[in-house]
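Please walk through this model step by step, with the structure open beside the text.

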Amino acid sequence: MENTRPTKGTFLGRLGSISIIDHIGATPLVRLNRVPATIGVKAQIYAKLEYFNASGSSKDRIAKRMVESAEQDGRIKPGDTLIEASSGNTRLQKDVPNSHILDQFANPDNPAAHEFGTAEEIWYQSEGKVDAVIAGAGTGGTLTGTARGLRKHKPGIFMVGVDPVGSVLGIPRKSIDEKTEILVEGIGQDFVPDVLDQGAANLWINANNEHSFRFTRQLIREEGLLCGGSSGANVAALAQLVEKHPELNTPDKVIVIVFPDGMRNYLSKFVSNEWMKKNGFPAIAKL
Ligand code: PMP
């Protein structure tokens, strides 16, 4: 192989990046070359690799927009404390002076980060050829915002929402399934967040733990995509999508799948064969 020198433009970071914040968004869109064929997929499948964001997840996009927007309209100021909205923290907010909960579950800047970021990027990176997008729902911001943004360009885009078995986010509505433990992190809820527009999805698909982890490990091994479990859930949904909608499974169709984060957060979880065996997936641990 020839030794090639990097040329101007080769680097993402060069003199001129003011801060790491400049490396949120503009994530790569990469074709899946092996896994789709193993499940009978003929459409062109691309992964939007959100683990290339500065701290390794699509969450960077919403954190940046929620903070910048709150700064601009004076809701927060330098020196204030930001508290994550999780159970128990509303108590904490009273105790900590000048603290704020920006609340990703109800903050319109969450879906807006995807409407004006993720969706625009997918549109331009796919050269306007995208026919369908598959996104999992945790807060629902990715699905809702990406649908809003892409429908401005292409009203007929087919949006697939992915909800883990046991969660209540999809349509038709389900009640909480207390017996099913959701082991895939980042997706699924026991309530419907304000930012989620359930009608944003043309179709909701349930993904189970086993299929999600099987596909995640296959993506890591066969595609070299070091993704987290919710990426595998979205690919498990692809397998169901092409069965339910064969019209989307032709070589001219372009389907984009959101890969929300990377595998490094899960080294002691689904990446570990021991963990997989302990949690009831001995067959996958052997793969
Ligand atoms: N996967 C992972 C790993 C996540 O962290 C999240 C965000 N909670 C999602 C999927 C779902 O994203 P959203 O909150 O936009 O629905």
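Two strands pair if DSSP finds at least two bridges between them. Helices (H or I, at least four residues) and strands (E, at least two) are DSSP runs, numbered from the N terminus. This is a predicted model: local features need pLDDT of at least 70, side-chain atom pairs count only at pLDDT 80 or more, and totals for chains, interfaces and linings use all residues. Residues are numbered from 1 along each chain as its sequence is written.

Start at one pair of strands. K48 stands opposite V258 in β8. Strand β2 (residues 44-49) and strand β8 (residues 254-259) pair in the parallel sense, over six bridges. Strands of a sheet pair through backbone hydrogen bonds, either parallel or antiparallel.

Now widen the view. The open sheet has six strands, in the order β1-β2-β8-β5-β6-β7, and its pairing is mixed. At the edges are β1 (29-31) and β7 (203-207), each of which pairs on one side only. From one strand to the next, the twist averages 25°.

Next come the helices over the sheet. Axes are lines fitted to C-alpha atoms, for helices over the stretch in contact, and angles run from 0 to 180 degrees between N-to-C directions. Two residues are in contact if their C-beta atoms, placed from the backbone, lie within 7 Å. Helix α5 (residues 141-153) lies across β5 (132-136), β6 (158-164) and β8, and runs at about 160° to β5. Helix α7 lies across β2, β5, β6, β7 and β8, at about 135° to β5.

α7 also has a helix partner. Helix α6 (residues 209-223) packs with α7 (residues 229-244) at an angle of about 105°, the axes being 7 Å apart. The two helices are therefore roughly perpendicular to each other (65 to 115 degrees). On the α6 side, the contact uses H211, S212, F213, F215, T216 and L219. On the α7 side, it uses G229, S231, G232, A233, V235 and A236. By class, the contact has six nonpolar, six polar and no charged residues. Ala, Val, Leu, Ile, Met, Phe, Trp, Tyr, Cys and Pro count as nonpolar, Asp, Glu, Lys and Arg as charged, and the others, Gly among them, as polar.

Which residues come nearest to the ligand? Of the 16 around it, they are G138, T142, G186, S230 and P260. (A residue is near a molecule if its C-beta atom, placed from the backbone, lies within 6 Å of it.) The shell divides into three nonpolar, 10 polar and three charged residues.

Two backbone details remain. A cis peptide bond joins I171 and P172, with omega about 5°. P172 sits in the loop between β6 and β7. N98 is not a glycine, yet has a positive phi of about 50°. N98 lies in the loop between α3 (89-95) and β4 (99-101).

Definitions and conventions:
Angles under 35 degrees count as roughly parallel, over 145 as roughly antiparallel, 65 to 115 as roughly perpendicular and the rest as oblique.
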